[in-house]
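Please examine the sequence and the structure shown here before reading on.

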Amino acid sequence: MLGMGKLTTHVLDTASGIPAAGVEVRLYALDGGRELRASAVTNEDGRSEQPLLSDEALVTGEYELEFGAGDYFRGRGAELDDPAFLDTVVIRFAVRAGEHYHVPLLVSPWSYSTYRGS
């Protein structure tokens, strides 16, 4: 029997060395289209309050996470180019049901990285 899986995220502002609070996050399932499955705003620790998906809602497939990085940096007073080099950061990835996936975003106005965390 499969364990109950979950999908979580965390946003870190690498330009300032702090968790990125107030970042809008949207999760889309890409199974035959592009369906919004969850949305959240990161808390003071740069995390969503609840998993984006969990248990039977986390099904095997391909997903995209969208992060409102440009709005976050503008809100902190950053002077961004017009248009911003990184406005919306999109991470496409695949999951298997029953597993835990943590997809952090490390972001600055000029770069980002991600990995499968724990």
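In strand 7, V90 is the bridge partner of E66. Helices and strands are DSSP runs numbered from the N terminus, where a helix (H or I) has at least four residues and a strand (E) at least two. The model is predicted: local features need pLDDT of at least 70 and side-chain atom pairs count only at pLDDT 80 or more, while totals for chains, interfaces and linings use all residues. Residues are numbered from 1 along each chain as its sequence is written, and side-chain values use heavy atoms, with hydrogens and water left out.

Strand 6 and strand 7 pair in the antiparallel sense, over 7 bridges. Two strands are said to pair if DSSP finds at least two bridges between them. Strand 3 (residues 24–29) also pairs with strand 6 (residues 61–67) in the antiparallel sense, here over 5 bridges. Within strand 6, Y63 stands opposite A29, and F67 stands opposite V25.

In which order do the 4 strands of the open sheet lie? The order is 4-3-6-7, and the pairing is antiparallel. Strand 4 (35–41) and strand 7 are the edge strands, each of which pairs on one side only. From one strand to the next, the twist averages 20 degrees; axes are lines fitted to C-alpha atoms, for helices over the stretch in contact, and angles run from 0 to 180 degrees between N-to-C directions. In general, strands of a sheet pair through backbone hydrogen bonds, either parallel or antiparallel.

Strand 6 is largely enclosed by the rest of the structure, because 5 of its 7 residues are buried. Buried means under 20% relative accessible area, exposed means over 50%, and partly exposed lies in between (1.4 Å probe, protein chains only).

## R92 in strand 7

R92 is found in strand 7 (residues 89–95). Is R92 buried or exposed? R92 has a relative accessible area of 53%, so R92 is classed as exposed. The C-alpha atoms of R92 and P19 are separated by 22 Å, and the two residues are 73 residues apart along the chain.

Leaving aside neighbours within four places in sequence, R92 is in contact (heavy atoms within 4.5 Å) with L30, E62, Y63 and E64. The side chains of R92 and E64 make a polar contact at 2.6 Å. A polar contact is a pair of N or O atoms within 3.5 Å; within protein, one must be able to donate a hydrogen and the other to accept it, and residues adjacent in sequence count only if both atoms are side-chain atoms.

## Salt bridges

A salt bridge is a side-chain nitrogen of Lys or Arg within 4 Å of a carboxyl oxygen of Asp or Glu. By this rule the model has 11 salt bridges. A network of salt bridges links E24, R26, R34, E64, E66 and R92. One of the salt bridges joins R34 to E66, with the closest N and O atoms 2.5 Å apart. This pair links distant parts of the chain, since R34 lies in the loop between strand 3 and strand 4 and E66 in strand 6, 32 residues apart. R34 is partly exposed at 43% relative accessibility, whereas E66 is buried at 12%.

D13 forms a salt bridge with R76, and their closest N and O atoms are 3.6 Å apart. D13 lies in strand 1 (residues 6–13) and R76 in the loop between helix 1 (69–75) and strand 7, so the pair ties together parts that are 63 residues apart in sequence. D13 is buried, with a relative accessible area of 1%, while R76 is partly exposed at 47%. D87 forms a salt bridge with R74, where the closest N and O atoms are 3.3 Å apart. D87 lies in the loop between helix 1 and strand 7 and R74 in helix 1, 13 residues apart. Their relative accessibilities are 33% for D87 and 40% for R74; D87 counts as partly exposed, and R74 counts as partly exposed.

## H102 in strand 8

H102 lies in strand 8 (residues 100–107) and counts as buried at 8% relative accessibility. Its side chain makes a polar contact with the side chain of T8, at 2.6 Å. Not counting residues up to four places away in sequence, H102 touches T8, T9, H10, R47, Y115, R116, G117 and S118.
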